[in-house]
Amino acid sequence: MTTRAFDKRSGLAFIIAFGVVSLFADMAYEGMRAISGPFLASLGASGAAVGAVAGTGELFGYLLRLGSGRLAERTGLYWPMALAGYAIQMAAVPMLALAGNWWSAALFIILERTGKAVRNPAANTMMSRAGEQIGQGWAFGLHEAMDQTGALSGPLIASLVLALHHDYRLAFLWLGVPAVLTIVSVVTVRFQFAFAGEVARKPESASGTPDLSRAFWFYAASAALVAFGFADFSLIAFHFAKGAVFTQAVVPVLYAAAMGISGAGSLVFGRWFDARGLRVLVPGIFIGAAAAPLAFLGGPAIAIAGVLAWGLSGGVNDAIMNAGVARMVPEHARARAYGIFTAIYGIAWFAGSVLMGLLYDVSVPGLVAMSVAAELAALVPLSMSLRAMRGNSMAGVG
């Protein structure tokens, strides 16, 4: 089947258009996630239940990508899966206003993660096709910057509604506005760029060639170690509150600052990736390794530096890791690759978050040591991935 390709102009236009979709989507679901914990508590959920809901939703969402990525590759239904995923995810946000008890609210929270899992591999594959023309780092970096703009704005919208009306349900209804805008914008992009979903099938001449190389698996192992050592912001915020490092009102501002530097970092490192390749992850890993010591062991000034390092590291991971998969996996196999890669990343993040939570109650220095060790250990499989890619290049493979 002959597929229509992007050129530089249409590739950039598609990334910007999809960035608008992600801006509205993040505005809706990050706003929801910012207040879902206190909302569950207001419905009578215990702290353990809140943690279990959040962890289960994340883990289920990442595991589901294994199936959604493979399904997109086998069926070629990239746009239908992306549209269905956005519809499920965005519907869950205002529906939280209808929850009458904490377990029904928990179902909507898990449903939101399900929608993201359904659409993520298909959407990333379509964006990677545009990235072939404008640079994978620039494509995913620009998209991530727009994505983080929404992630910054959504919690502020929810906070404003709560400050004025003290009503969680009303806040979820207001977040339904960007949710509707997400659906309108993604449908518009679908009709303008229908060919984005025309992903090439595997050529018969490459039937004996593995789609996922040794370099990919080493790369996935490196990402897993990065995720395992990457502290969740909820734990950092918990530490700030318990240790009276910052007042309650300052913590959301710090989170917003982290999202801002995350978006800026994704742009800078995305451009750098196109020029230098996966090597740019090395400074990103060192930045991530510095985040936990600064955030958990320092006073207010040092903790601010830790939050900014945390945000910058997250932006680098989100932009460059997606771009790296696109560079080392052929187009026809990317949906499956994204599903596998993000599932490995998510499982490692979940396991690391659980361990850090346990370590926090026993030894904060132990938590920091574990985080730093995992981040720095990621350099080993990353170097092996780089070596494997150089070997493939010299052999004329990929």
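In this predicted model, helix H10 meets helix H13 through Ile285, Phe286, Gly288, Ala289, Ala292, Pro293, Phe296 and Leu297. On the H13 side, the partners are Val364, Leu367, Val368, Ser371, Val372, Glu375 and Leu376. Sorted by class, this contact takes in 12 nonpolar residues, with 2 polar and 1 charged making up the rest. As for the geometry, H10 (residues 281-297) and H13 (residues 364-377) pack with their axes 8 Å apart, at an angle of about 175°. Angles over 145 degrees count as roughly antiparallel, so H10 runs roughly antiparallel to H13.

The largest cavity holds about 40 Å³. Its lining is made up of Gly229, Phe230, Ala231, Ile236, Gly288, Ala291, Ala292, Trp310 and Ser371. H10 gives the most to that lining, with 3 residues. Gly288, Ala292 and Ser371 line this cavity and also take part in the contact of H10 with H13.

Tyr219, Ser222, Ala223, Val226, Leu281, Ile285 and Met321 form its lining. Two or more of these residues come from each of helix H7 (214-228) and H10, and H7 supplies the largest share, 4 residues. Ile285 sits in this lining and is also among the H10 residues that meet H13.

Elsewhere in the chain, helices H5 (residues 136-165) and H6 (residues 168-192) make another packed pair. Their axes come within 9 Å and cross at roughly 140°, which makes H5 oblique to H6. The crossing is right-handed. From H5, the contact draws on Gly154, Ile157, Ala158, Val161, Leu162 and His165. These meet Tyr168, Leu170, Ala171, Trp174 and Leu175 in H6. With 9 nonpolar and 2 polar residues, the contact of H5 with H6 has no charged ones, whereas the contact of H10 with H13 has 1.

Definitions and conventions. Residues numbered from 1 in each chain as written. Predicted model: local features only at pLDDT ≥ 70, side-chain atom pairs only at ≥ 80, totals over all residues. Heavy atoms only, no water. Axes fitted to C-alpha atoms, helices over the stretch in contact; angles between N-to-C directions. Parallel < 35°, antiparallel > 145°, perpendicular 65-115°, else oblique. Left-handed = near helix turned anticlockwise from the far one by under 90°. Contact = heavy atoms within 4.5 Å. Nonpolar A, V, L, I, M, F, W, Y, C, P; charged D, E, K, R; others polar. 1 Å grid on protein atoms, 1.4 Å probe; cavity = no way out; pocket = protein on both sides within 12 Å on 5 of 7 lines; lining within 4 Å. Points joined across faces, edges and corners; volume = space filled by probe spheres on them.
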